[in-house]
Amino acid sequence: MPVLLRISLIVVIIFGVSSFAWFLLGATAYFQRGMDIIGTVYLVGPGILVLLLVILFSILLIKGWTPTSKEDYAGLSIGLIFSVLVSATLIQSVITNGWANEKIESDTLKVTADQKYEYRVDLINLFQRNSNARLYLKDVGSQEEMYIATEIQSRKIVGLSVSKINHWVKLEPTDNSSLYILHTTAALGIPLEKYEINIETRTSIKLE
């Protein structure tokens, strides 16, 4: 087998395997969620095709097959180019939100009854095993911004209506200026919960 042909096969095989691995990680958000319908379509289409081409080229490489005619060279060249194009399609199909990048859904920014803080809840990587929630706060007076991690059971959310105006939580002041009570609402689709938010320590404690 000519050296140039051997190198070409190795490069295409590596590219094909890499594109399939990248697709698999992206379609499952690094195995944090199940594959959706679109991902499944790409898997049984371009994904399987790439694997078959990789297997074929690997066999040719192992056997040291050498083209003996112009038709052989033309067919192999077309196969290599086609494999690269299909592999590139797999790579382009990957959406990195939720694993390489965080995917965040937020409710509408509101102001506490004492007019001291603007707030909202951020739901991060919904419908994935690494989903979590945090409370965003902005001091109206100093303009200081902060994020406080909460134990809101975002992984239990199976469906969520997201519109221009959303009311997923309510933050209420207490007699202690540093303590607030965070209530979840029915709009989240999970059992109602409440948390004590400590502004000074920037911590959240679930209340029974």
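UniProt positions are given in the numbering used here, and its annotations may be inferred rather than shown by experiment. In this predicted model, the unreviewed UniProt entry places the feature "transmembrane region" at residues 7-31, 37-61 and 73-95. The span 37-61 is 100% helix and 0% strand, with its end C-alpha atoms 35 Å apart.

Ser 19 is found in helix 1 (residues 3-27). Its relative accessibility is 1%, so Ser 19 counts as buried. Leaving aside residues up to four places away in sequence, Ser 19 touches Val 50, Ser 87, Leu 90 and Ile 91. Val 44, in helix 2 (residues 37-63), counts as exposed because its relative accessibility is 59%. Val 44 also belongs to a nonpolar surface patch of about 520 Å², made together with Ile 48, Leu 51, Leu 52, Ile 55 and Ile 59.

The structure holds 6 salt bridges. One of them joins the side chains of Arg 120 and Asp 122 at 2.8 Å, N to O; both residues are buried. Arg 120 and Asp 122 are linked with Arg 134 in a network of salt bridges.

Another salt bridge joins Glu 144 and Arg 202 (2.3 Å, N to O). This pair links distant parts of the chain, 58 residues apart: Glu 144 is in the loop between strand 4 (132-139) and strand 5 (145-150), and Arg 202 in the loop between strand 8 (194-198) and strand 9 (203-207). Glu 144 is partly exposed at 35% relative accessibility, as is Arg 202 at 37%.

Glu 193 forms a salt bridge with Lys 206, their closest N and O atoms being 3.5 Å apart. Glu 193 lies in the loop between strand 7 (179-184) and strand 8, and Lys 206 in strand 9, so the pair ties together parts 13 residues apart in sequence. Glu 193 is buried, with a relative accessible area of 12%, whereas Lys 206 is partly exposed at 36%.

Terms used. Residues are numbered from 1 along each chain as its sequence is written. This is a predicted model: local features need pLDDT of at least 70, side-chain atom pairs count only at pLDDT 80 or more; totals for chains, interfaces and linings use all residues. Side-chain values use heavy atoms; hydrogens and water are left out. Helices (H or I, at least four residues) and strands (E, at least two) are DSSP runs, numbered from the N terminus. Buried means under 20% relative accessible area, exposed over 50%, partly exposed in between (1.4 Å probe, protein chains only). Contact means heavy atoms within 4.5 Å. Patches are made of residues with over 30% relative accessible area and no salt bridge: like charges are joined within 9 Å, nonpolar side chains (Val, Leu, Ile, Met, Phe, Trp, Tyr) within 5 Å. Accessible areas come from the Shrake-Rupley method with a 1.4 Å probe; for residues, only the protein chains shown count as cover. A salt bridge is a side-chain nitrogen of Lys or Arg within 4 Å of a carboxyl oxygen of Asp or Glu.
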